[in-house]
Amino acid sequence: MIISVMVTGSPVSQQAAQSALSFCEAALCAGHQIYRVFFYEDAVYVGSALSVSPQDERNLNAAWSEFVQRHQLDAVICVASALKRGILNNSEATRYQKPAANLEAGFELSGLGQWVDACLNSDRVVSFGA
Amino acid sequence: MKTLTFLARQAPFGSSSAKACLDMVLASAVFEQQVNYVFMDDGVWQLVRGHAPEGIGAKNVMAALQALELYGVEHIYALEESLTERQLTQAHLQIPVRLCSRAELSALVQSSDVVTAL
């Protein structure tokens, strides 16, 4: 089955991003295909390369980054949600004259159209909300 | 074409959920999909006319409800019991909506390809 996943909950204060990661791991293990993972609203914090976790806690951002790169998944961070929350890639940082870019490896910034496209090309769309 | 159903369940101000849902509805409409936009629970407050959120430093995102027709979003519903619980009627709303029961909502969800609740 072709599955897309939308995450809206914050990785630091809600369970959604961890649940979504576990779901994606299980889906791939079971032989399903993941068409796209779309991060929206507070879930875009998953794309920050600057988050630091205490030593005895899992860094979910690093885990997601490693996961999407290992499986070469299409992982899209909603650009409108991201800009508001200070998640920028190099071109957005240059465009808005910000001092740094911080988008984690493996993710790309794009619009809601990517989510609609995922809906059109997937058998199932599973949301992990706040 | 797919049928995408959106359940707007949060109050219009106090969180970004209402705008997040509206933006998804508009994006889906731009892609010319069949869109059902359902207001339920505290989400019915999004439909109420006369909001003046400038006083709390918020933007009146729900002013865009008026533009839904232009985007071709014609299937707009409010869960009747959510309105009733809040002592709201159609007369309080800024756009015409179809009232639906829980059973009708259930059928709507059943007939949808993708359901998103925000």
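Accessible areas here come from the Shrake-Rupley method with a 1.4 Å probe, and for residues only the protein chains shown count as cover. On that basis chain A exposes about 6,300 Å², of which carbon and sulfur atoms supply 48%, and the accessible surface of chain B comes to about 5,800 Å², with 50% belonging to carbon and sulfur atoms. This is a predicted model, in which local features need pLDDT of at least 70 and side-chain atom pairs count only at pLDDT 80 or more, whereas totals for chains, interfaces and linings use all residues. Residues are numbered from 1 along each chain as its sequence is written, chains are lettered from A and ligands numbered from 1 in the order in which they are written, and side-chain values use heavy atoms, with hydrogens and water left out.

## The two chains

Helices (H or I, at least four residues) and strands (E, at least two) are DSSP runs, numbered from the N terminus. Chain A has 5 helices and 5 strands, and read along the sequence these follow the pattern β-α-β-α-β-α-α-β-α-β. The radius of gyration of chain A is 14 Å, close to the 14 Å that the globule rule gives for 130 residues, so chain A is as compact as a globular protein of that length. Chain B holds 3 helices and 5 strands, which run β-α-β-β-α-β-α-β from the N terminus on. For the 118 residues of chain B, a compact globule would have a radius of gyration near 13 Å, and the value of 13 Å for chain B agrees with this. The radius of gyration is taken over C-alpha atoms, and the globule rule is 2.2 Å times the number of residues to the power 0.38.

The table sets out further values for each chain; buried means under 20% relative accessible area, exposed over 50%, and partly exposed in between (1.4 Å probe, protein chains only), while contact means heavy atoms within 4.5 Å.

| Property | Chain | Value |
|---|---|---|
| C-alpha extent along the principal axes | A | roughly 45 × 40 × 25 Å |
| C-alpha extent along the principal axes | B | about 40 × 30 × 20 Å |
| Buried residues | A | 48% of the 130 residues |
| Buried residues | B | 48% of the 118 residues |
| Contacts with a separation of 6 or more that join residues 24 or more positions apart | A | 79% |
| Contacts between residues at least 6 apart that join residues at least 24 apart | B | 75% |

## The interface

The contact between the chains takes 15 residues from chain B and 13 residues from chain A. Buried area is the accessible area (1.4 Å probe) that two parts lose on being put together, summed over both; between chain B and chain A it is about 1,200 Å², of which carbon and sulfur atoms give 71%. B:Lys2, B:Met24 and B:Phe31 supply 38% of the area that chain B buries against chain A, more than any other three residues.

## Helix α2 of chain A

Helix α2 of chain A covers residues 60–70, and its buried residues are A:Leu60, A:Asn61, A:Ala63, A:Trp64, A:Ser65, A:Phe67 and A:Val68. These buried residues pack against α1 (16–29), β2 (33–39), β3 (75–78) and β4 (107–110) of chain A. At the start of α2(A), a side-chain oxygen of A:Asn59 reaches to within 3.0 Å of the backbone nitrogen of A:Asn61, and the helix is followed by A:Gln72, whose phi is positive, near 50 degrees.

A:Cys24 is in no disulfide, the nearest cysteine sulfur being that of A:Cys29, 11 Å away; A:Cys24 is buried, with a relative accessible area of 0%. A:Cys119 is likewise in no disulfide, and its nearest cysteine sulfur, that of B:Cys21, is 12 Å away; A:Cys119 is buried, with a relative accessible area of 0%.

## Two residues of chain B

B:Gln46 lies in the loop between β2 (34–39) and β3 (75–79) of chain B, and is buried, with a relative accessible area of 0%. Not counting residues up to four places away in sequence, the residues that B:Gln46 touches include B:Ala8, B:Gln10, B:Pro12, B:Tyr37, B:Phe39, B:Met62 and B:Gln94.

B:Val30 lies in helix α1 (residues 17–30) of chain B and is exposed, with a relative accessible area of 55%. The C-alpha atoms of B:Val30 and B:Ala91, which are 61 residues apart along the chain, are separated by 29 Å.

How values were computed: Disulfide = S-S within 2.5 Å. Polar contact = N/O pair within 3.5 Å; in protein donor to acceptor, adjacent residues only side chain to side chain.
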